[in-house]
Amino acid sequence: MSAIEENIDGRSPSSELSGLVEQSNEAAAFLKAMGHDGRLTILAHLSSGPKSVTELENLLSSRQAVVSQQLARLRLEGMVSARRDGQTIYYSLLDPRVSPMIEVLARLFGRQA
């Protein structure tokens, strides 16, 4: 019987799931922030290292305003940080949970051989 079935039957979820159940609002907010194709793509690119806004614009083939809007949301969610170097702003991952999540998504949705 799976943990979900046990929970449906009124029994407490396994200790593995209890943390997720207790933190479901935080987990949902995390997934919601990643749940936009533009933001997810930005996070995937940032997982290989810091990028400037211009680099992200080119990688996403998107306008600066659109990229900046998505970066603002990611900053608000605490997923990325910004560092200014002259007139250039570099973004990097801030939340340590992002990289492992990107790796899982890459395995789940990466190209199949």
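**Exercise 1: the core**

Of the 16 residues in the largest nonpolar core, the ones touching the most other members are Ile42, Leu43, Leu71, Met79 and Val80. Here a nonpolar core is a set of buried Ala, Val, Leu, Ile, Met, Phe, Trp, Tyr and Cys residues joined through side-chain atoms within 4.5 Å. Buried is under 20% relative accessible area, exposed is over 50% and partly exposed lies in between, with a 1.4 Å probe and protein chains only.

Solution. Helices (H or I, at least four residues) and strands (E, at least two) are DSSP runs, numbered from the N terminus.

A word on the ground rules: this is a predicted model, with local features needing pLDDT of at least 70, side-chain atom pairs counted only at pLDDT 80 or more, and totals for chains, interfaces and linings using all residues. Residues are numbered from 1 along each chain as its sequence is written, and side-chain values use heavy atoms, leaving out hydrogens and water.

Next, zoom in on one core member. Isoleucine 42 touches Leu56, Leu60, Val67, Gln70, Leu71 and Leu74, once residues up to four places away in sequence are set aside. Contact means heavy atoms within 4.5 Å.

**Exercise 2: the whole chain**

Task: how many helices and strands does the chain have, and what pattern does the chain follow?

Solution. Count first: there are seven helices and three strands. Then read along the sequence, and you get α-α-α-α-β-α-α-β-β-α. For burial, 21% of the 113 residues count as buried. Finally, take the contacts between residues at least 6 apart in sequence: 48% of them join residues at least 24 apart.

**Exercise 3: helix 5 against helix 6**

Task: at roughly what angle do the axes of helix 5 and helix 6 cross, and which residues make the contact?

Solution. Start with the axes, which come within 9 Å and cross at roughly 110°. That makes helix 5 roughly perpendicular to helix 6. Angles of 65 to 115 degrees count that way, while those under 35 are roughly parallel, those over 145 roughly antiparallel and the rest oblique. The axes are lines fitted to C-alpha atoms, for helices over the stretch in contact, and angles run from 0 to 180 degrees between N-to-C directions.

Now list the residues: helix 5 brings Val53, Leu56 and Glu57, and helix 6 brings Gln64, Val67, Ser68 and Leu71. By type, this contact splits into four nonpolar, two polar and one charged. The classes are Ala, Val, Leu, Ile, Met, Phe, Trp, Tyr, Cys and Pro as nonpolar, Asp, Glu, Lys and Arg as charged, and the others, Gly among them, as polar.

**Exercise 4: helix 4 and its partners**

Task: which residues link helix 4 to helix 5, and which link helix 4 to helix 6?

Solution. Take helix 5 first. The axes of helix 4 and helix 5 come within 11 Å and cross at roughly 120°. Gly38, Thr41, Ile42, His45 and Leu46 of helix 4 meet Leu56, Leu59 and Leu60 of helix 5. The tally for this contact is five nonpolar, three polar and no charged.

Then helix 6. Its axis and that of helix 4 come within 10 Å, crossing at roughly 75°, so helix 4 is roughly perpendicular to helix 6. On the helix 4 side you find Arg39, Ile42 and Leu43, and on the helix 6 side Val67, Gln70, Leu71, Arg73 and Leu74. These residues divide into five nonpolar, one polar and two charged.
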